[in-house]
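Welcome! Take a moment to look over the sequence and the 3D view before reading on.

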Amino acid sequence: MRYAETGFNLEVDLTRGNIERVATDPRDTELYLGGLGTNAKILWDRVPPEVEPFSPDNLLIFATGLLCGTPATGCNRTIVSTISPQTRLMAFSMMGGFWAPELKYAGYDKVILRGKSSDLVYLWINNDKVEIRDASHLQGKGAIETAELIRHELEEPKAQVAAIGLAGENRVYYASIEQGRSSASRGGIGAVMGDKGVKAIVVRGTKDINVAQPAEYLELCNEVLEYIKFREKNPIPGVIPILAVLGSPQEMAIHNEQWHTENFMWGNSRTRRKGFWTEEIAEAWKETLESSRTRLISCYNCPLKCGATISMPGLPTYMMKCFSKLTYTMAAFSDLDFGFRIAQRATEYGVDGYSTPQVMAFALELYENGILTDDDFPGMPSDSEGRFFWLLDRIVRREGIGDVLANGTYWAAKEIGNGADEYAHNNIKKQEQLPLKLSMLNPIYFLMYCTGEKINITQIEGQFPQAPFPKREHREKFVKDWFQVPDEKFKRYFMDWELRGENSNPYYPTVEMTCDIVDWQEMMHYIDDALGMCAGLSSFHLKPPYHIHNFPKFISSGAGFDMDEAKLTQAAKRYRTLVRAINIRRGMRRKDEKPPEDHWKKRFPELEAELLDAYYKFKGWNNQGIPTKASLHELDMDYVSEDFLERGILTDSEDASAKEASAENEKK
């Protein structure tokens, strides 16, 4: 018997209309855990680097995490993986809600889509009965509207629906997949779903999931619940509100937005508005939030209420959470009322709430500077809010200039030319980042931004405080109950971190310490994404209830195979390395691993080069960021080095291809 997982994937060939229930290898679970880990193995095995994002041979994988659907609190994430049209690299985006547990209860760990449907369809999974159904009547419908129409059509009010809107149908590079209480947004995975002709995947499941040691597992679950109660009563002092408590993060419950609005950048990620948050604005924003927020809501099996249903006058109700509460508002230099109104339309269209506002602000900045002209914006309103609505409509429909902007700022700037590249200034690996610009280089964030292959900083950071505490006694109090650290050295790193002086940024934490800290933070996110755990209860927050010490116990008692901290660390390193191998095989190299030039005002090129050199070595990669033969062998991944040798990415005599390194130098 398989525990925690079902042991079956659902394979759907959209070209042929063929559906198969395929048994999986339990050995893969032990090596790659599940979720992101086994997704990466499937993509490596079946999607060679020659495959383009909009090729029928590209796969779109909806995966449950290994522990999804079990009693583990907050373990409900769907991990969606494909090759991104925006970055041309592996994309993996997570969504909460109820969809992943429902798929487990239907009897499947993953849904793997391949090929393309000639007509718009939706997939209906009802336990053992699976159908590809006509969706022509849903063409052009909003993502949330689609879900409601399908539930009514099937007479299944409890069915869970993951759907795309018009943006996905029209292959907008930053199209999202919307799912009731959450969305999978980054990397344009909604565009791949639209390219495959799939409007929605609908799931209803009523089967059971078995855990190996129920009594032990429930005891662990109860310990987590007790700790969550403790943290709710004891917020961490001295840190920003979204980190002081648990959650993903609790933006919809927070009224005070001084930190975000005065520290993050407005417009096209350029303007910082110090002193913006006055008493009058605070009162107006609080009134908007209170009047539009109908209720706070949770995901499956979680006591935290991180999202909220938003009802604006005259508009359908929709769900919102996290920083998308502010992204449209700040891009348009407007207020929260505008942000909530345009976010409703954007949610129905199905677009990424981080990229979309920046793309629109980028277009208007090009217009203001004469790179785009009136001819590019026929009939555009004169007011800022009207312009944003106008641009959003044209982007998702790919009309006029919207057809260019639908590819994101990196690709749009290339097509527009005439100096537009200078305005596409907030990208990493061709994808828009949080609109955040800072003063002094932060070595930890430099490495996370450069080498993170989620290409999204909020899905890399977490376990270590973002900044030093001003007084030593505060740091001493913080580390006293910091039992989540994998090693006591992390407490020392934090204790000695000062705001000023020798032990401050950019030379402290030291290069060696920085490698340790970044690796720990990233590892916890990768573990979450294999298990299906919400980052708001684990990797994103300080002192979370899930950590490296209790996760092995959850896996052992839940999935039924022996796990300890060393094995878990090795497994996470294995599939994290495999994600990198996929991207290396698709052409990613050191030259791609850099933050925006203007992310920090004070930069230190020699230190930055030293940080990359040290981190590559720490991870077992060569100076181009390619995993070495020795490190791959240690991870039981000789199949990767054999492929790299065959392609000339590695050579028998050296880990870095001399020809490749020489060619790179000649380009420079």
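Ala308 has Met320, in strand S17, as its bridge partner. Keep in mind that this model is predicted.

- Strand S16, residues 307-310, pairs with S17 over 4 bridges, in the antiparallel sense.
- An open sheet is built from 3 strands in the order S15-S16-S17, with antiparallel pairing.
- The edges belong to S15 (293-297) and S17 (318-321); each has a single partner strand, so one side of each lacks a neighbour in the sheet.
- On average, neighbouring strands of this sheet are turned by 30 degrees against each other, direction ignored.

**Helices on the sheet**
- Helix H10, residues 279-292, lies across S15 and S16 and runs at about 75 degrees to S15.
- Helix H12, residues 336-349, packs on the sheet and touches S16 and S17, with its direction at about 110 degrees to that of S17.

**The cysteines**
- A disulfide is a covalent bond that links the sulfur atoms of two cysteines.
- How many disulfides does the structure hold? The number is 0.
- Cys75 is in no disulfide, and its nearest cysteine sulfur, that of Cys68, is 4.6 Å away; a disulfide needs the two sulfur atoms within 2.5 Å.
- Is Cys75 buried or exposed? Cys75 counts as buried because its relative accessibility is 0%.
- For Cys322, the closest cysteine sulfur is in Cys306, at 9.1 Å, which is too far for a bond.
- Cys322 also counts as buried, with a relative accessibility of 17%.

Methods
Residues are numbered from 1 along each chain as its sequence is written. This is a predicted model: local features need pLDDT of at least 70, side-chain atom pairs count only at pLDDT 80 or more; totals for chains, interfaces and linings use all residues. Side-chain values use heavy atoms; hydrogens and water are left out. Buried means under 20% relative accessible area, exposed over 50%, partly exposed in between (1.4 Å probe, protein chains only). Two strands pair if DSSP finds at least two bridges between them. Helices (H or I, at least four residues) and strands (E, at least two) are DSSP runs, numbered from the N terminus. Axes are lines fitted to C-alpha atoms, for helices over the stretch in contact, and angles run from 0 to 180 degrees between N-to-C directions. Contact means heavy atoms within 4.5 Å.
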